[in-house]
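Me: Please take a close look at the aromatic pairs here. Then follow them to whatever they sit against.

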Amino acid sequence: MINNRPYQICTKTIMDTTDPHIIFNEKGESDYYTNFKENIEPNWHTDERGYDELMKIADKIKKTSKNKDFDCIIGLSGGLDSSYAAYVAKEIMGIRPLIFHVDAGWNTDKAVGNIEKLINGLGLDLFTEVINWEEMKDLQLAFLKSQISDQDLPQDYAFFSALYKFAKKHKINYVLTGGNFSTECCREPEEWGGFPGIDTTLVKDIHSKFGKRPLKTFPLVDILSYKIYYKYVYGMEVFKPLNLVPYIKKDAENLLTEKFGWEPFQHKHHESRFTRFYEDYWLPRKFGYQKRKAHFSSLILTGQMTREEALDRVSRPELPEEFLQREFEYVANKLDLTKEELQQIFEGENKSYKDYKNKMGIIKLGAQAMQKLGLEKRLFR
């Protein structure tokens, strides 16, 4: 899956030619760096301007949700971004969010504990949707057998679809997310599994080829539905409050820890056992892609990590080998596979979403239109 370009790494971030479409200027700076400097930084305000905009959004949400039980909905994983978004909504914006959690079967104990601590500490209501495990397992197995790089799509699809469906059913018009520039300004390229949305064409094709059980209750809301139908017909709006307040990873972790006893994770996405295994074992060893390069590059660009620290950390695995081997066994058992069967899939021939029916062409057109309109400032490939 890795391309044949001579290896090159950005002189300002640690993004490199494992993104086959990366572009460098004569100074060796990548387009991730130049895009941040030209498009994100000048338009990103976390001072009074951001605060004023946040309060305008809060007022709008309060006014239009006056007679409802909740002002908005926030999907909470127990990780930092969504946890801090919940804190900002309640304590800074002064609105009444419903906290929505999707249990897809892979929560770490720490994530569950963090959700509980936040709910109690902030005095919020929680709704948990539990995905049918047999269907979840069947879809995850189908994706593993498909050999594509993005093995986190089934979980992502469950999280987003369940939330949008619930919001629509209960007439909640505002969705707040933990999406932000501070820790995510460097978007992962699609080859690394940086998919831009829910492609039901892809899911259905992969599941029809490798799945064994009908997905009767598994939630699936296609990207075109929620970008067009949900937005323009139901009037659903999505806000990212963390882009309007100062959001420094370490400070946010400390605040949540001091106020609520919230516990930080070693790295982004470690609140899910499957995502942690996929990003720290499966993806780098099978495909040669390290999502940490994008995560750390975001922190470099926003002044929260030095390039040297990032290079040092990315030069070795995030987790000990013994632990990763135990997780390999855990994942195999949970998916009703033997270690040998999972190993066999791991050693199979790598493929990409292009080997299956998909509507990435339309999705890309939409993403490019959003960039042209200034609605998406991160690089999209």
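Reply: Searching the whole structure turns up 22 aromatic pairs (ring centres of Phe, Tyr or the six-membered ring of Trp within 6.5 Å; stacked under 30 degrees between planes, edge-to-face over 60, the rest tilted). This is a predicted model, with local features needing pLDDT of at least 70 and side-chain atom pairs pLDDT 80 or more, while totals for chains, interfaces and linings use all residues. Numbering runs from 1 along each chain as its sequence is written, and side-chain values use heavy atoms, without hydrogens or water.

Trp44 and Phe181 pair edge-to-face, at 5.8 Å centre to centre and 75 degrees between planes. Trp44 is in the loop between helix H1 (31-40) and H2, and Phe181 in the loop between E4 and helix H7 (200-210), so the pair ties together parts 137 residues apart in sequence. Helices (H or I, at least four residues) and strands (E, at least two) are DSSP runs, numbered from the N terminus. Both Trp44 and Phe181 are buried (under 20% relative accessible area, 1.4 Å probe, protein chains only; exposed is over 50%, partly exposed in between).

Tyr174 and Phe239 are stacked: 6.0 Å between centres, 25 degrees between planes. Tyr174 belongs to strand E4 and Phe239 to strand E5, 65 residues apart. Both are buried.

E4 (174-176) and E5 (237-239) are among the elements covering the buried residues of H2, as is helix H3 (80-92) (contact: heavy atoms within 4.5 Å). Those buried residues are Gly50, Leu54, Met55, Ile57, Ala58 and Ile61. Glu48, Lys56 and Lys63 are exposed on the other side of H2.
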